[in-house]
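Keep the picture handy as you read.

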Amino acid sequence: MNDFLHSVGLQALSLQGFGPLLAQGTWMTLKLALLSLGLSLLLGLLGASAKLSPLRLLRIPATLYTTLIRSVPDLVLILLIFYTFQIWLNDFTEWMGWGYFEIDPFTAGVLTLGFIYGAYFTENFRGAILSVPAGQLEAATAYGLSRAQRFHLVLFPQLMRFALPGLGNNWLVLLKSTALVSIIGLADLVKAAQNAGKSTNNVLYFLIIAGLVYLLITTLSNRLFKRLERRFNTGIKGLAS
Amino acid sequence: MIELIQEYGLAYLYSDGAGLSGLAMTLWLFIVTMVCGFFLSLPLALARISRKLWLRWPVEFYTYLFRGTPLYIQLLICYTGLYGLEVVRDHEMLDRFFRNALNCTLLAFVLNTCAYTVEIFAGAIRNIPHGEIEAAQAYGLHGWKLNLFVVLPAALRRSLPAYSNELILMLHATSLAFTATIADILKVARDANAATFLTFQAFGIAALLYMLLSFALVGLFRLAERRWMRFLVPSRG
């Protein structure tokens, strides 16, 4: 790889030989961010339906979940869950007579970030669902649509319109907090930049490169969300343009 | 659990024997960051909406940079990155500033929160009804007087909900300080965990403390909103 870059005169791209390491780190960061996004979206939709449910049995745990999770820093939760869960798991496997089972930082990162941001997405979706006029759902019921159809054809397209700005914001916060998972030892972009910086004695340079990669991802995400917003706003006067 | 509290209770709250720690340290970080960020962001917000390109563009670029990258990277750059430069080490004043972990941490936090706050305030200024500013102009207010007496107060009131959100995120972000060896709540929790192996309790106490701080902050902002945003509530009857 490095020889190839050298031969075509693109030494700058190999980043003093640490290009591949940084690329791996970037890929790790993206994987972590996207998987936890998927998990948190799922939790968000479930949480929002639970919070809006007429059943108190569902509403109270969902409210506790969003209030407690959102009042504690994500870094504290990451450390708490990562270390505690490992200990509990050890106790459990020992009790069951199974072998030692270690959670790797990646799985822990996905689960923890997904769990934390699920709380933020819950609030996001709850607000969006409440913004859809009740008449829309009543009309859907009057037309005899099933529950699944009602969600898929009527509620979801309209709720996305209200949810998108918040979703975009939360996604960016989520992406930026993946940097914290390097603290529990994940070999992500930040870790790669730190390692490269330590071995070349040029920490600042590699940290700036890592920062630029994050900047690139956030800028592209912003573009994408602008596009999506335009798409979900089709047919709304004054907004679609 | 009881030994944990006996041994580390004071450290969690305000002192680990070597200096400020735990809750007091977190509060100190938070307050200094908040105050500096607030006063820095006021002129920058005005520059952000200025019609002059040379005023607006640099601020726009600054907020773009700091809002598009993780705070952790910014902290690492301030704490380990800049001190690696010879220019910084050779300059006497810079050397003294960057050798202190607390200074580096505060610098990163202030720059970060300021970028978000500038956007919040700038957005609020843009959303002030034209009539308010026209009325002020009709009364003969111009330039910095117009900004100081009408534009900023009107914008600050309206940005209270968004600003309170940002402050809570800022409070949570201060937990990153332990990576720069600052003895905040999380650092005490990690030390307690390493010494006693009561992992859940050690981090649980930290989580509880942050939770209390968050709730207190939310409560304070509710009061502030009730006082300063009353004019936006539709009057009944």
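In this predicted model, 29 residues of chain B are in contact with 25 residues of chain A. On the chain B side of that meeting, the elements giving two or more residues are H3, H4, H11 and H12. The top contributor is H12(B), which gives 10 residues. Sort the chain B side by class and you get 17 nonpolar residues, 12 polar ones and no charged ones.

| Helix of chain B | Residues |
|---|---|
| H3 | residues 53–68 |
| H4 | residues 71–81 |
| H11 | residues 185–196 |
| H12 | residues 199–228 |

Now zoom in on H3(B), which also meets H7(B), the helix at residues 101–126. Their axes come within 9 Å and cross at roughly 120°, so the two helices are oblique to each other. The crossing is left-handed. On the H3(B) side, the residues involved include Tyr62(B) and Phe66(B), while H7(B) brings, among them, Leu111(B) and Tyr116(B). By class, this contact has seven nonpolar, two polar and two charged residues.

Next stop: Ala192(B), which lies in H11 of chain B. Is Ala192(B) buried or exposed? It counts as buried, because it has 24 C-beta neighbours inside 10 Å. Setting aside neighbours within four places in sequence, Ala192(B) is in contact with Leu4(B), Tyr8(B) and Ala202(B). Phe149(B) is another story: it is 43 residues from Ala192(B) along the chain, and their C-alpha atoms are separated by 50 Å.

Conventions:
Residues are numbered from 1 along each chain as its sequence is written. Chains are lettered from A and ligands numbered from 1 in the order in which they are written. This is a predicted model: local features need pLDDT of at least 70, side-chain atom pairs count only at pLDDT 80 or more; totals for chains, interfaces and linings use all residues. Axes are lines fitted to C-alpha atoms, for helices over the stretch in contact, and angles run from 0 to 180 degrees between N-to-C directions. Helices (H or I, at least four residues) and strands (E, at least two) are DSSP runs, numbered from the N terminus. Angles under 35 degrees count as roughly parallel, over 145 as roughly antiparallel, 65 to 115 as roughly perpendicular and the rest as oblique. A crossing is left-handed if the near helix is turned anticlockwise from the far one by less than a right angle, and right-handed if clockwise. Two residues are in contact if their C-beta atoms, placed from the backbone, lie within 7 Å. Ala, Val, Leu, Ile, Met, Phe, Trp, Tyr, Cys and Pro count as nonpolar, Asp, Glu, Lys and Arg as charged, and the others, Gly among them, as polar. A residue is buried if 20 or more other C-beta atoms lie within 10 Å of its own, exposed if 12 or fewer, and partly exposed in between; C-beta atoms are placed from the backbone.
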